[in-house]
Amino acid sequence: MSHLPTKWAERHDRLFITVEASSATDVQVTFTDKSIAISGKGITAKSSEAHELKDELHLLKEIVPADSTYKVLGVAIQICAIKKEEGYWNRLVDEPTKATKAWLSADWNLWKDEDDEVDENAAAANFGGYGDMGGMDMGGMGGMGGMDMASMMSAMGGAGGMGGMGGMGGMEGMEGDSDDEEPAEEEDEEGGEGEKPAADLSDLNA
């Protein structure tokens, strides 16, 4: 049997298979434990006109037919097959690589090596699910639970609230600013006394 042009990629738990048949109609994909059968009509590299599509992939290992799915796009038929046992196959079908070169190739847009997938999952774990920020140093943000509250309170003066913000009691530095401003006020008062003779002269002119 001649095979349809096909690309594939895998993850530890599933297979991504793309049958390169455009404008496909009447598509049927049948899954068994170790095979995937495709039928329908469509256009492939074989002909620029719609023709019968018929292929069967004899898989290297077993899949779960009930959980496997497919969808028909304008340019291809996409198949997602769930592996019965997790792990990398490194080959899609139970045929020598040299026998599949003419029709089967890696889908580099979807391909990830096993090491790449581990790195990807580790990076995702660093976000801690993102929604609750649980994996970050801030410890979930809500209540600042991941921080050493005792150390923070001690560093900020031990006052209630956010380090003395309640009542502004912990902001001793502001008192120094007030003291600095008092001489200026005294200077203004002294300056005012210096202007009194002019006021007295006005009284005399009156």
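Reply: The protein chain exposes about 13,600 Å², and carbon and sulfur atoms supply 51% of that area (Shrake-Rupley method, 1.4 Å probe; for residues, only the protein chains shown count as cover). Of its 206 residues, 24% count as buried, where buried means under 20% relative accessible area, exposed over 50%, and partly exposed in between, with a 1.4 Å probe and protein chains only. Please keep in mind that this is a predicted model: local features need pLDDT of at least 70, side-chain atom pairs count only at pLDDT 80 or more, and totals for chains, interfaces and linings use all residues. Residues are numbered from 1 along each chain as its sequence is written, and side-chain values use heavy atoms, with hydrogens and water left out.

Along the sequence the pattern reads β-β-β-β-β-β-β-α-β-α-α-α-α-α.

The part you asked about, the largest nonpolar core, has 25 residues, and those with the most contacts inside it are Ile36, Leu57, Ile77, Ile79 and Leu92. Such a core is a set of buried Ala, Val, Leu, Ile, Met, Phe, Trp, Tyr and Cys residues joined through side-chain atoms within 4.5 Å. At least two core residues come from each of strands E2 (14-19), E3 (22-32), E4 (35-44), E5 (47-58) and E7 (77-82). E3 gives the largest share, four residues.

Leaving aside residues up to four places away in sequence, Ile36 touches Ile17, Val29, Thr30, Phe31, Asp55, Glu56, Leu57, Leu59, Ile63, Ile79 and Ala81, a contact being heavy atoms within 4.5 Å.

How do the strands pair? E4 and E5 run antiparallel over nine bridges, with strands counted as paired if DSSP finds at least two bridges between them. A hairpin of two residues links E4 to E5, and isoleucine 38 has aspartate 55 in E5 as its bridge partner.

E2 and E7 belong to an open, mixed sheet of five strands in the order E6-E7-E2-E1-E8. Strands E6 (69-72) and E8 (104-106) are at the edges with a single partner strand each, so one side of each has no neighbour in the sheet.
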